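Below are my notes on the two-chain model you sent. They are set out as numbered points, starting with the contact between the chains.

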Amino acid sequence: MKKSVFAAALAVVMASASVTAFATENPNHQLTRTGTADTAVTYDVDPGYTVTIPKSITLGETLEVKAENVTLYSYESLVVSISATSEEDNSFKLRNGLRSLTYTITKGEDVVDLNSALLTVGGNASSGTAELKFNEPETAPTVAGTYTGTVTFNVRINGMA
Amino acid sequence: MKKIISAAAAIALACGASITAFATDAPVLDKTVIKNVQGSTDPDPAQANTTVQFSCDPKYTVTIPKTIDLSTENTDGTFSGTGSVEAEDVCIGADQKVNVKISSTSGFTLSETGSSATLAYEVKNGTTVFANNDTVASFTNCESDSTELTFVTKTAPQYSGSYTDTVVFVISVGA
């Protein structure tokens, strides 16, 4: 009987007291007898992407640039382009010693230009593929041998905040 | 920066961004895989090189005469005939030539079919007389050209008959 009385008295004291201590340091909500509280639930999705680019290509073949696992903010898009070639003027040429031959790259029916977007992945898409045809020269080279050059692919994110 | 390029170290040289390349750990791939786990917070674009190549195999077309008929009788009694060695669509390496050599196992001697009679002859281009295994024609790159060869008996035949011999043309590409 004495325990019951003591417990009841303690409850009355607690109920009438306002809880104000440590408000700035305590990460928890302060509860009052009649208040409500919200709990924010968050989950961070890290942005990122994987782009796969073949290391070599022979004229006459088709090259596939693939973007996968593209996770970006809604206002962003991933863009793949060719930003440079092995030529000083960035023309599409291959060289065999001092001799050169000119080639073209087409995506579908369109001739690819330097810095033009070859693959764009954004919005709700998480992957994409671009097929690029590296065309043999229209005029056969006059000197036999192996002609080589490089193209540099550039992967960037547009709409960066 | 948390880009990972699992490819050859050469690719890393092309990267403007500071890319951590685990070239020694990664298998040799025929593709460059750019993994960016920093997304849009990465201000640097990633780059990768692709080698473009084209091989043009040496080719040429050389036409040699199947028969040379020494049917022209000259004023000195010898007989002669001509034939051309022709080359077309020559596409060979720089500083190379298509060389055509001539050889005769008989040493350029015609033999009469029905007897033991023989008749020596020589092969010339202008005033140049070719010996066995000499180069009778050379063609350089991009060239479509021909060389006329004259086959002439050294002397007038002493016996009538049909004289024949076979010469072999050896075609090769070299300096």
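How many residues does the contact take from chain A, and how many from chain B?

1. This is a predicted model, and the points below should be read as such. The contact draws 46 residues from chain A and 33 residues from chain B. On chain A, at least two residues each come from strand 1 (48-54), strand 2 (56-58), strand 3 (62-71), strand 6 (99-102) and strand 11 (145-158). Strand 11 of chain A gives the most, with 13 residues. Sorted by class, the side of chain A that touches chain B holds 24 nonpolar, 16 polar and six charged residues.

2. Strand pairing crosses between the chains. Strand 11 of chain A and strand 3 (residues 46-56) of chain B run antiparallel and are joined by eleven bridges. One position to check is V155(A), whose bridge partner in strand 3 of chain B is A46(B).

3. The largest nonpolar core comprises 57 residues. Those with the most contacts inside this core are V65(A), A67(A), L78(A), V80(A) and F153(A). Leaving aside neighbours within four places in sequence, F153(A) contacts I53(A), V65(A), V80(A) and I82(A) in chain A, and Q47(B), A48(B) and T50(B) in chain B. In general, nonpolar side chains of soluble globular proteins tend to be buried together.

4. Chain B has one helix and 14 strands. Of its 175 residues, 23% count as buried. Among the contacts in chain B with a separation of 6 or more, 68% are between residues 24 or more positions apart.

5. Chain B also has an open sheet of three strands in the order 11-7-14, with antiparallel pairing. Strand 11 (134-139) and strand 14 (168-174) of chain B each have a single partner strand, so one side of each is left without a neighbour in the sheet. From one strand to the next, the twist averages 25 degrees. Between strand 7 (residues 97-103) and strand 11 of chain B there are five bridges; N99(B), for instance, has S138(B) as its bridge partner in strand 11 of chain B.

6. Is S115(B) buried or exposed? S115(B) is exposed, because 11 other C-beta atoms lie within 10 Å and the cut-off for exposed is 12 or fewer. This residue sits in the loop between strand 8 (109-112) and strand 9 (118-125) of chain B. Not counting residues up to four places away in sequence, S115(B) touches Y159(B) and G161(B). The C-alpha atoms of S115(B) and S162(B) are separated by 9.5 Å, with the two residues 47 apart along the chain.

Methods. Residues numbered from 1 in each chain as written. Chains lettered and ligands numbered in written order. Predicted model: local features only at pLDDT ≥ 70, side-chain atom pairs only at ≥ 80, totals over all residues. Contact = placed C-beta atoms within 7 Å. Helix = DSSP H or I, 4+ residues; strand = E, 2+ residues; numbered from the N terminus. Nonpolar A, V, L, I, M, F, W, Y, C, P; charged D, E, K, R; others polar. Pairing = 2+ DSSP bridges. Core = buried A, V, L, I, M, F, W, Y, C linked by C-beta atoms within 7 Å. Buried ≥ 20, exposed ≤ 12 C-beta atoms within 10 Å, placed from the backbone. Axes fitted to C-alpha atoms, helices over the stretch in contact; angles between N-to-C directions.
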